[in-house]
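The following report concerns a single protein model.

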Amino acid sequence: MIKIVSKRCDLVKVHTTVGKVLGTLIIGMVFGCSGAEESSPEVQDEGLGTLTGVIRLSGDRVTTPTIVENSTDPEVCGERHSLQDLVVGSGRGIRYVIVALVDVPEDSFPQVVGEPLIIDNRDCRFTPHVSVVTAGTVIEATNSDPVLHTTHLYGAMERNFALPTVGLRVSRVAEGEGMVIVKCDVHGWMQSFLRIDPHPFHAVTDAAGTFRINNIPPGEYTLEVWHERLGQTHRSIRIESAQSTEISVSFDYR
């Protein structure tokens with residue numbers, strides 16, 4: 001079992017955070033070239049646009065992820081764990097924020113799927129903590145720990161993979177569309193988040209809070225910005241042919 005022992009601001013329960021906004025979101029947009037670190041490896045195609053940006057926490061308040069005490073398999077998992085629910089890096093960039101276009105015309109979907117996503121139960125946490133995939137991508141759950149784990153998907157895709165031994169791998173094709181919460185039925189603090197879209201126009205921010213989405217057809221779109229603890233917002237953006245659009249988003253919470 002687990003018990004919350006320290007946190008700097010209120011933790012929103014996992015089952016109710018999606019769609020709930022805490023505080024005020026301040027959005028700024030500028031247009032031009034971006035110097036942000038790439039989070040997408042695709043080569044930019046001629047005539048298509050790029051969206052880059054950074055997601056930051058406003059103010060100067062010191063923040064830390066929630067820490068929990070653990071009494072389940074402590075000899076393997078340790079006695080304390082971080083929920084990784086608010087990771088703020090250099091320049092107050094926020095890690096693990098999902099950015100995604102939500103109204104892309106179906107005739108603009110590329111006829112490709114991404115590399116397989118591996119969700120690893122390692123050191124009694126899920127790696128990666130937040131991820132995005134295109135529907136049809138293979139999702140592989142594996143166990144790197146010498147204890148029983150489950151990789152239980154709730155939401156847009158419902159699956160439960162039992163992984164009782166080290167090295168066991170189970171795979172399924174990503175289906176559905178929307179957010180998925182990943183939990184371990186044995187170790188209650190273990191959680192991660194997955195977004196499934198019918199297209200690849202999405203990304204997860206890195207340790208500096210930056211992201212990059214390549215090869216976007218020109219046009220006007222709605223951009224969704226989502227964080228497990230800070231909520232979500234939608235804003236209109238315009239992608240120009242063969243140009244880079246840069247967006248800056250600041251989360252403000254109390």
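## Cysteines and neighbouring strands

The torsion about the S-S bond of C77 and C124 is about -65°, and the disulfide is therefore left-handed. A disulfide is here a pair of cysteine sulfur atoms within 2.5 Å; the two sulfurs of C77 and C124 lie 2.0 Å apart. The bond links distant parts of the chain, 47 residues apart: C77 belongs to helix 2 (residues 74-77), and C124 to the loop between strand 7 (117-122) and strand 8 (125-127). Helices (H or I, at least four residues) and strands (E, at least two) are DSSP runs numbered from the N terminus. Both C77 and C124 are buried, where buried means under 20% relative accessible area with a 1.4 Å probe, protein chains only.

The model is predicted: local features need pLDDT of at least 70 and side-chain atom pairs pLDDT 80 or more, whereas totals for chains, interfaces and linings use all residues. Residues are numbered from 1 along each chain as its sequence is written, and side-chain values use heavy atoms, without hydrogens and water.

A search of the whole structure finds one disulfide. C184 has its closest cysteine sulfur in C124, at 8.1 Å, which is too far for a bond. C184 counts as buried because its relative accessibility is 4%.

T150, in strand 11 (residues 149-155), is buried as well, since its relative accessibility is 10%. A polar atom of the T150 side chain lies 2.8 Å from the backbone nitrogen of D185. Leaving aside residues up to four places away in sequence, T150 touches N121, F126, N160, F161, A162, K183, C184 and D185; contact means heavy atoms within 4.5 Å.

Strand 14 (residues 178-183) is mostly covered, with five of its six residues buried.

| Strands | Sense | Bridges |
|---|---|---|
| Strand 11 and strand 14 | antiparallel | four bridges |
| Strand 14 and strand 15 (residues 191-197) | antiparallel | six bridges |

Within these pairings, G155 has V180 of strand 14 as its bridge partner, and I181 has F193 of strand 15.

The protein contains two helices and 20 strands. Of its 254 residues, 46% count as buried. Among contacts between residues at least 6 apart in sequence, 70% join residues at least 24 apart.

How values were computed: Buried < 20%, exposed > 50% of the residue type's maximum accessible area, 1.4 Å probe, protein only. Polar contact = N/O pair within 3.5 Å; in protein donor to acceptor, adjacent residues only side chain to side chain. Pairing = 2+ DSSP bridges.
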